[in-house]
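Please look through the structure shown below.

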Amino acid sequence: MLLLLVACNSGQAQQQTPASTSGANAQHLLQQSEQQLTAARTLHAVVTIQIDGETYQGALTSEIWKAAPARSRSLILRSTLSDFPVGELTVSNGEKLWIYNPTRHIVYTGSINSQDGSALFGSSSNPVNQLTLNLIDPIFSQSQATLTSQTTTVDGHSATVVHVTSQQSAASGPDYSGDVYLDRSNDLPIKLVLNLQGFAQVTLQLPTLELNRSLADSLFSFTPPANAQVAPLLQASATPTSGTLTLGQAEQLAGYHLLSIPSSQSDYQLEGVDVLSTASGQVFVLHYLKGDQSFSILEGKALANEPLPSGTTLTLRGTAATYSTGSDNPTLAWKEHGLGIRISGDLDEQEAIAIANQLS
């Protein structure tokens, strides 16, 4: 849901520039910014995410360090989201990962596969930082862009405003609309405002963004506190290309089994898992591809507390379910084993039911 983005961010004065010229200039600015971020050998950033919606609300500030190709560190500095406590620390030296939850006083650790560092902010096993990556990465590589204003000031920085919308041809990417604020002194992002249809407005601010600064090696190592419990980090054989969590990592975070399509069904490819935070808990979103068809399976204990969407009533997996076509993505919804489950995507009723019956 975080990446189903549509709407216009109003209130910006349009610059009187021919559309073709404006688009070419804006696209060039995004490309320059992307090139700097992807070419950087080190990165240090402070990122604040503010989510304003009817169901999902909250703010989180995280500090991130990254050294190419695969070392990273992130620390949650402030948070109003109960699932992401202040002080949670994620450290990777490229071969081993540590996730320290200070609230539960537990450290998850284990070996990881090396990352190629292709994402702008590098891949991350921290779902909070993964939200940041999922919001930022497509903006620079999958956007239709136009200039809207070149005289805006953000936190004392003169900024160029680029209005972005998703390319309709980017079927595998998010659908979004919003504004990117680029620092005129270096063309790096300092703020993004995105409108997410049916979810919220998300404001992402980068008060600190430093590239190619020297970073101490000690940032990328971690020794568990003396009295902390140490538990193994679960791994999954499927490694998504989008930078999202693997199924094993998502189940580690959830603390319970997530229904999924068996790996024996080779026609279906799990692209990865995103994590959403709600007032009543976490929702896990499994992204699947079958050929050129994409769909998502949303599940979690938080959804079990929500009423089923209105629609056609049917019996599924021994319980009541509904199939709704009232939104852009038809949805099959039911509750099972204390979880609320929804299959959403460009699926007709029989296709959605067939997928639901395969889940285990």
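This is a predicted model: local features need pLDDT of at least 70, side-chain atom pairs count only at pLDDT 80 or more; totals for chains, interfaces and linings use all residues.

D155 is found in the loop between strand 7 (143–154) and strand 8 (157–166). Its phi is near 50°, a positive value in a residue other than glycine. Most residues other than glycine have a negative phi, and most peptide bonds are trans.

D187 also has a positive phi, about 65°, although it is not a glycine. This residue lies in the loop between strand 9 (177–183) and strand 10 (189–196). At 18% relative accessibility, D187 counts as buried, because the limit for buried is under 20%. A68 and P69 are joined by a cis peptide bond, with omega at about 5°. P69 lies in the loop between strand 2 (57–67) and strand 3.

## Salt bridges

How many salt bridges does the count come to? The count is three. One of them pairs R71 with D217, where the closest N and O atoms are 3.2 Å apart. This pair links distant parts of the chain, since R71 is in strand 3 (residues 71–79) and D217 is in the loop between strand 11 and strand 12, 146 residues apart. R71 is partly exposed, at 26% relative accessibility, whereas D217 is exposed, with a relative accessible area of 56%.

R213 forms a salt bridge with E210, and the closest N and O atoms of that pair are 3.5 Å apart. R213 is partly exposed, with a relative accessible area of 48%, and E210 is partly exposed with 26%. The side chains of R317 and E336 also meet in a salt bridge, at 2.7 Å from N to O. R317 lies in the loop between strand 16 (312–316) and strand 17 (319–324), and E336 lies in strand 18 (residues 331–336), so the pair ties together parts that are 19 residues apart in sequence. R317 is partly exposed, with a relative accessible area of 28%, while E336 is buried, with 13%.

## Aromatic pairs

The structure holds five aromatic pairs. In one of them, the rings of Y100 and F222 have their centres 6.1 Å apart and their planes at 35°, so the pair is tilted. Y100 lies in strand 5 (residues 96–101) and F222 in the loop between strand 11 (200–211) and strand 12 (229–232), so the pair ties together parts that are 122 residues apart in sequence. Both Y100 and F222 are buried. The rings of Y288 and F295 have their centres 5.6 Å apart and their planes at 15°, so this pair is stacked. Y288 and F295 are both buried.

Which residues do ring pairs link into a cluster? The cluster is made of W98, Y100 and F222.

## Charges over rings

The charged end of R73 sits over the ring of W65, 5.9 Å from the ring centre. The charged end of K191 sits over the ring of Y181, 5.3 Å from the ring centre.

In soluble globular proteins, nonpolar side chains tend to be buried together. The largest nonpolar core here has 32 residues, and F284, F295, L332, W334 and I343 touch the most other members. Helix 5 (residues 349–358) gives the most to this core, with four residues. A second, separate core has 29 residues, among them I139, V162, V164 and L194.

Leaving aside its neighbours within four places in sequence, the contacts of F295 include I261, Y268, L286, Y288, I343 and I355. H287, S344, G345 and L347 are also in contact with F295.

## Helix 3

Is helix 3 mostly covered or mostly uncovered? Helix 3 (residues 247–254) is mostly covered, with six of its eight residues buried. The buried residues in helix 3 are L247, G248, Q249, A250, Q252 and A254. Just after helix 3, G255 takes a positive phi of about 85°.

Definitions and conventions. Residues are numbered from 1 along each chain as its sequence is written. Side-chain values use heavy atoms; hydrogens and water are left out. A nonpolar core is a set of buried Ala, Val, Leu, Ile, Met, Phe, Trp, Tyr and Cys residues joined through side-chain atoms within 4.5 Å. Buried means under 20% relative accessible area, exposed over 50%, partly exposed in between (1.4 Å probe, protein chains only). Helices (H or I, at least four residues) and strands (E, at least two) are DSSP runs, numbered from the N terminus. Contact means heavy atoms within 4.5 Å. Rings of Phe, Tyr and Trp (its six-membered ring) pair if their centres lie within 6.5 Å; planes under 30 degrees apart count as stacked, over 60 as edge-to-face and the rest as tilted. A charge sits over a ring if NZ of Lys or CZ of Arg is within 6 Å of the ring centre and within 35 degrees of the ring normal. A salt bridge is a side-chain nitrogen of Lys or Arg within 4 Å of a carboxyl oxygen of Asp or Glu.
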